[in-house]
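Colleague: Please take me through this model region by region, with the criteria stated as they come up.

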Amino acid sequence: MKVLLSWLSEFADFYSLDKKGGPDEISDALVKTLAEAMNNLGLVVEEIDMVGGNLGSVYVAKVLEITAIKGADKIRRVIVDVGDKGEIQVVCGAFNFVVGDYVPYAAIGAALPNGLTIKAAKMRGVDSFGMLCSKTELRLGADSGGLMILDRALIPGTPIAEALSIRPDVLFDLAIEANRPDANSVIGVARDLAAHFRLPFCQPVGVSFDVREDDGLKLARVTDLDLCDRLLLARIEGASKLKLKEFVPLRLELCGMRSINPIVDASNYVMLELGQPTHPYDATKLASKVVSVRAAKPSDELVTLDNVVRKLASDQPDGFLDIVIVDSKDEVVGLGGIMGGESSEISDSTESVLLELAHFDSSTIAKTSKRLQLRSEASARFERGVDPELPPIALARFCELLDTSPSAMLDVVPYVFEPKRVKLRFERLNSYLNHEFLIDEVKALLEPIGFGVIPMGEDLSVTVPSFRPDCSIEVDIIEEVARHYGYAKVDKLRLNPPQVGGLTRQQKLRRGIRAFARDNGFNEMWGSSMLSPTEHSPFGISDQAIALSNPLAREESVLRRSLLPSVARALVHNSNRQISPIRLFELGKVFEPRVTEEGLPLETERLAFLLTSPESATNEMTRILGLCFGFFKLPQPTLDTPTVLNGDSILTSWPMLHPTRSAAVVSDGIPIGVLGELDRDLIAALTSNTTKDRVAYLELDLGLIFMQLPGAVQAKAVSAFPPSEFDLAFFVPDTVGAQEMVNAVRSSVGEFCESVYLFDSYKSKEMGEGIKSLAVKIRLQNPAATVTDKEIQDAIARVASHMDMSFGAKLRTV
């Protein structure tokens with residue numbers, strides 16, 4: 001919302017805060033003081049604009065002649081009369097004026113408010129001695145559709161500031177929160193500021209008009225008081241001859257509203273000033289020159305002022321109804337609280353005006369506005385809540401602006417305001433704001449902003465004013481005390497709850513994973529969860545991915561089933577920039593087109609590593625895998641053939657890597673990931689041969705790893721004696737799983753077994769059909785002595801015997 005300092009000062013003397021300046025010369029100190037106060041009160045200042053200044057060399061000019069310029073279709077030669085400065089030739093690019101119009105003329109040397117300095121110029125061979133100005137160039141409005149057209153009653157040559165009674169002003173653009181309906185008006189902002197600075201506040205009051213009874217107005221009805229609990233109607237005659245206060249159009253323009261005609265301008269001005277939307281109808285276009293309020297019927301339609309046909313709601317599933325304004329023939333002429341109808345629109349020839357001032361149900365207005373996608377300045381105010389006491393005050397101000405009185409008026413639904421009273425406990429107030437308040441201190445803070453305060457024992461009874469429908473409970477009152485006491489004065493209160501929050505074990509592990517990866521030279525990357533439908537297939541994953549219902553682009557229209565397509569994007573990006581070596585990792589979610597018990601797609605969390613190396617990429621990645629499981633404090637995993645990832649029990653998708661240089665990662669008998677090298681031909685195609693390195697990739701299912709995490713582990717004493725390691729390889733049947741073999745070896749080594757892990761799986765024609773070779777690394781550690789050769793040989797014998805008995809496996813000797 002935009003408010004002018006001069007407008008605010010009609011309710012309180014804010015100029016008195018300026019020790020050096022005044023209305024004609026506003027100091028920066030005053031502007032800063034007011035802006036800081038508004039921010040502290042929750043009326044956040046988004047922009048400050050100085051207006052009405054630098055107009056000393058701008059004059060009223062009458063257009064005498066307009067002629068075309070040969071060879072130019074976007075500019076014209078204009079002769080203007082600037083009073084005692086004579087007739088002046090100007091080249092102008094605007095086309096919204098005719099001979100006889102009065103426009104602003106900026107003389108040569110003028111420094112305009114928008115920063116432009118006027119100089120003599122020549123365009124298409126025609127001299128231009130000055131410039132004709134728009135509202136935007138003079139900072140007198142936002143409409144830049146052409147020149148500013150002035151009243152023809154003005155005198156050419158008069159300084160425009162004098163002609164329009166313009167003086168320097170400050171325009172504050174405020175962000176008003178939804179819980180401050182009173183601040184959606186100039187008076188609301190002024191009331192808050194006056195209370196803050198302890199300035200006397202001028203509260204407007206209604207006026208008793210001496211008017212005759214009108215039988216036509218007595219036809220007005222309100223059929224549902226839940227939709228409209230107050231309706232005041234007033235008829236005003238001789239509208240075409242009414243003159244509006246000269247400052248109104250300019251203030252409306254500066255505050256972002258277009259000036260239309262005196263009646264509509266007065267209505268809009270009252271809304272901005274007091275917060276009460278009003279709607280004027282051309283009474284001669286209404287049956288019996290009267291309106292009523294009712295709920296919409298099934299057949300109701302309305303062509304609103306924006307020339308759109310609106311079908312109105314009469315029976316929604318939630319019982320919701322639109323509020324409509326009808327004439328005596330029950331014809332819809334307006335949408336209550338939102339917008340009037342085109343059929344009864346005010347025009348320059350309107351003579352008889354019927355002014356509607358009402359109080360509508362806020363939730364109904366909000367629903368109608370949302371359903372019809374029709375939002376207006378009026379609906380924005382009714383949605384948040386309008387003061388039900390305002391109609392007579394708004395009517396008095398409307399008539400004052402036009403220097404007129406209603407010929408007839410009727411309070412169709414007389415309204416009796418019953419103020420709400422809220423109990424304010426000092427104990428609660430003091431605990432919230434960490435300050436010991438006194439009764440007089442609270443009264444001094446609340447009474448200037450309209451609240452009534454009465455002592456009630458050890459507490460207070462607070463009466464809420466009609467313009468604050470947002471204040472209904474105790475904490476609302478405490479907030480008002482805090483605003484005017486000053487949030488900056490409220491001492492910080494350190495809370496010491498008996499239990500404090502913390503990270504879960506999984507959250508700590510995720511942070512630890514990131515630190516582990518960085519410590520091992522990997523850079524974290526982020527890949528989009530949304531891919532092109534064809535990005536899975538190069539990695540052997542089915543394209544049957546979950547499709548988005550509203551994708552922004554086809555390139556991001558399905559959800560990923562593996563992290564590899566996203567990581568591959570990063571590989572290509574870095575390879576194209578000749579970065580080598582590349583070491584990346586990502587923590588992210590993948591999505592499967594399988595429905596869970598909750599009816600949602602299966603979603604799992606994965607950890608991926610990618611690295612490049614001229615020769616040993618897979619060996620390095622195998623080392624990283626071992627370190628990673630050490631970080632998780634899990635037994636070393638085994639590597640099995642990739643086919644185990646395609647079993648019926650596997651619910652998620654895994655990418656296919658190099659057919660002979662990849663393996664499934666198995667932990668505790670469960671496939672939890674894939675490790676291997678990406679096919680060289682695929683890498684060449686993806687990177688356009690920008691990298692010659694081998695590319696290793698590791699992807700793990702974090703959810704399955706988290707399920708295997710051990711509990712508290714008792715640390716073992718570190719032996720002072722060196723360990724012994726040796727490798728064993730066995731010919732075993734294809735039916736024997738890698739993890740099954742590792743478990744068998746571990747159980748037969750003996751008491752000094754520290755670790756066993758598979759490091760090779762091999763098949764060849766020479767071994768024979770149905771036979772494969774599995775190799776393990778065994779580590780022995782005696783805590784009390786060095787492991788002897790005899791102990792090693794005994795362990796080998798035990799393992800060989802157990803493997804032969806269990807699987808028919810034979811120890812390889814070559």
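Colleague: Which residues are buried in helix 8 (residues 377-384)?

Modeller: This is a predicted model, in which local features need pLDDT of at least 70 and side-chain atom pairs count only at pLDDT 80 or more, while totals for chains, interfaces and linings use all residues. Residues are numbered from 1 along each chain as its sequence is written, and side-chain values use heavy atoms, with hydrogens and water left out. Helices (H or I, at least four residues) and strands (E, at least two) are DSSP runs numbered from the N terminus, and buried means under 20% relative accessible area, exposed over 50%, partly exposed in between, with a 1.4 Å probe and protein chains only. By these criteria the buried residues of helix 8 are Ala378, Ser379, Ala380, Arg381 and Phe382.

Colleague: What covers the buried residues of helix 8, and which residue follows the helix?

Modeller: Taking contact as heavy atoms within 4.5 Å, the cover includes helix 6 (262-274), strand 19 (353-360) and helix 7 (362-372). The residue that follows helix 8 has a positive phi, near 120°, and is Gly385.

Colleague: How many disulfides does the structure hold, and how far from Cys399 is the nearest cysteine sulfur?

Modeller: A disulfide is counted when a pair of cysteine sulfur atoms lies within 2.5 Å, and the structure holds zero of them. Cys399 is accordingly in no disulfide, and its relative accessible area of 1% makes this cysteine buried. The nearest cysteine sulfur belongs to Cys202, at a distance of 18 Å.

Colleague: How are helix 11 (residues 439-446) and helix 12 (residues 474-485) oriented to one another, roughly parallel or roughly perpendicular?

Modeller: Axes are lines fitted to C-alpha atoms, for helices over the stretch in contact, and angles run from 0 to 180 degrees between N-to-C directions. The two axes come within 9 Å and cross at roughly 85°. Angles under 35 degrees count as roughly parallel, over 145 as roughly antiparallel, 65 to 115 as roughly perpendicular and the rest as oblique, so helix 11 is, relative to helix 12, roughly perpendicular.

Colleague: Which residues make that contact, and what is its composition by class?

Modeller: Helix 11 contributes Glu441, Val442, Leu445 and Leu446, while helix 12 contributes Ile477, Glu480, Val481, His484 and Tyr485. Ala, Val, Leu, Ile, Met, Phe, Trp, Tyr, Cys and Pro count as nonpolar, Asp, Glu, Lys and Arg as charged, and the others, Gly among them, as polar. The composition is then six nonpolar, one polar and two charged residues.

Colleague: Why is one side of strand 34 (753-762) and of strand 36 (810-811) left without a neighbour in the sheet?

Modeller: Two strands pair if DSSP finds at least two bridges between them, and four strands form an open sheet with antiparallel pairing in the order 34-35-33-36. Strand 34 and strand 36 stand at its edges, and one side of each is left without a neighbour because each has a single partner strand.

Colleague: At what angles do helix 18 (residues 738-749) and helix 19 (residues 789-807) run to strands of this sheet?

Modeller: Helix 18 lies across strand 33 (724-733), strand 34 and strand 35, running to strand 35 at about 40°. Helix 19 lies across strand 33, strand 35 and strand 36, and its angle to strand 33 is about 15°.

Colleague: What is the bridge partner of Ser662 in strand 31 (residues 670-677)?

Modeller: Ser662 belongs to strand 30 (residues 662-667), and at 17% relative accessibility Ser662 counts as buried. Strand 30 and strand 31 form a hairpin with two residues between them, where Asp668 in the turn has a positive phi of about 55°. The two strands pair in the antiparallel sense over six bridges, and the bridge partner of Ser662 is Gly676.
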